[in-house]
Amino acid sequence: MILPFVASAVWLWWIHHADRYEKEPWNLVFQSFGLGAAAGAVGLIALILILLTDPDGISSLSVVLLAPLHVAAITLVLLLMPYRQPDWNEPFDGLVYGGATGIGYGLVYSLVVLLDDPLLGFRSAVYTIPIYMLVGLIAGHYLSQVRFGVSRTWLKGFVIATLYLAGTELARFWGGEVMGMANPLASAIVYGTNTIGWIMAMWAMDQSTRDSRHHPANYRLPLAGHGCPTCTAPLVADAAFCNHCGRPVATGREVQG
């Protein structure tokens with residue numbers, strides 16, 4: 001029963017540690033985790049309502065319809081709290097806060113499985129919680145792209161995360177086992193979609209690391225004697241981005257040797 005809680009702590013440490021250049025404050029990470037857990041409770045309520053109104057239990061259509069609800073809840077948490085914080089001043093920060101929100105969501109949402117069969121706690125720890133963590137990573141990555149002017153919309157991340165979650169959960173509903181072969185084709189889809197999810201997450205983490213203002217290839221010379229052109233906040237010496245709003249503030253570029 002305690003394994004999913006231990007796994008959540010390990011996943012939180014991993015995503016926080018993956019930020020190479022500027023660690024996020026633990027209080028905001030825990031707040032994101034807590035709000036993600038609260039959103040997971042909403043997902044539980046939606047699942048319970050479906051089970052109560054569907055005499056035959058949850059259906060394939062229900063699984064597909066629940067996926068965008070889960071992604072929307074995680075995205076809404078990110079928009080309402082961490083996205084508004086000045087500490088979200090690096091591309092990788094969206095991954096940290098998104099991952100923490102997804103971990104909290106997955107932990108609470110998997111409790112219904114634990115109540116049904118405590119022996120499934122191991123599966124929740126190694127499969128269910130990481131699924132929602134990956135959803136949060138994808139959503140957070142595309143929100144970071146919007147925040148730093150790379151993209152104008154986060155809907156692409158919403159669609160990708162929804163397709164990933166719907167495909168994974170639908171295949172599992174059809175009999176795809178995490179540690180078994182009850183339905184070989186569905187099981188192959190489960191492992192395939194998760195592999196794709198991890199590839200997307202690793203790509204997002206690598207891209208966000210390379211886009212960091214602390215990366216040697218992105219060192220820029222700021223405008224001397226001026227504040228941020230976006231929010232007018234004072235600039236830190238040799239800063240490439242404003243520490244207050246996160247926007248680029250440089251006019252020249254110089255690669256560090």
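Predicted model: local features only at pLDDT ≥ 70, side-chain atom pairs only at ≥ 80, totals over all residues.
**Entry 1: a polar contact of N194**

I began with N194, whose side chain makes a polar contact with the side chain of Y164 at 3.2 Å. For my notes, a polar contact is a pair of N or O atoms within 3.5 Å, where within protein one atom must be able to donate a hydrogen and the other to accept it, and where residues adjacent in sequence count only if both atoms are side-chain atoms. Residues are numbered from 1 along each chain as its sequence is written, and side-chain values use heavy atoms, with hydrogens and water left out.

I found N194 in helix α8, and I noted that helices (H or I, at least four residues) and strands (E, at least two) are DSSP runs, numbered from the N terminus. Is N194 buried or exposed? N194 counts as buried at 12% relative accessibility, because buried means under 20% relative accessible area, exposed means over 50%, and partly exposed lies in between (1.4 Å probe, protein chains only). Contact means heavy atoms within 4.5 Å, and N194 touches Y127, I131, Y164 and T168 when residues up to four places away in sequence are not counted.

**Entry 2: the whole chain**

Next I looked up the protein chain, which has eight helices and two strands. Read along the sequence, the pattern is α-α-α-α-α-α-α-α-β-β. The protein chain has 257 residues, of which 50% count as buried. Among the contacts in the protein chain with a separation of 6 or more, 69% are between residues 24 or more positions apart. The accessible surface of the protein chain comes to about 12100 Å², and 68% of this belongs to carbon and sulfur atoms; such areas come from the Shrake-Rupley method with a 1.4 Å probe, and for residues only the protein chains shown count as cover.

**Entry 3: the nonpolar core**

Which of its 57 residues touch the most other members? They are I103, Y105, Y109, Y132, V135, L137 and L165. Helices that each supply at least two residues of this core include α1 (3-17), α4 (93-109), α6 (121-147) and α8 (184-210), and α6 gives the most, with 13 residues. In soluble globular proteins, nonpolar side chains tend to be buried together. I also listed the contacts of L165, which touches A67, H70, V71, I131, Y132 and V135, not counting residues up to four places away in sequence.

**Entry 4: aromatic rings**

Rings of Phe, Tyr and Trp (its six-membered ring) pair if their centres lie within 6.5 Å, and planes under 30 degrees apart count as stacked, over 60 as edge-to-face and the rest as tilted. By this rule I have eight aromatic pairs. W11 and W14 form an edge-to-face pair, with 5.9 Å centre to centre and 85 degrees between the planes. Being three residues apart in helix α1, W11 and W14 are separated by about one helical turn; W11 counts as buried at 18% relative accessibility, whereas W14 is partly exposed at 25%.

Y105 and Y132 form a tilted pair, at 5.4 Å centre to centre and 35 degrees between the planes. Y105 lies in helix α4 and Y132 in helix α6, so the pair ties together parts that are 27 residues apart in sequence. Y105 is buried at 0% relative accessibility, and Y132 is buried with a relative accessible area of 1%.

S144 has its place in helix α6 and is buried, with a relative accessible area of 3%. What does the side chain of S144 reach at 2.8 Å? The side chain of S144 reaches the backbone oxygen of P91. Leaving aside its neighbours within four places in sequence, S144 is in contact with W88, E90, P91 and G94.

V126 also has its place in helix α6, and V126 counts as partly exposed at 42% relative accessibility. The C-alpha atoms of V126 and S8 are separated by 9.7 Å, although these residues are 118 residues apart along the chain.

Note on methods
Core = buried A, V, L, I, M, F, W, Y, C linked by side-chain atoms within 4.5 Å.
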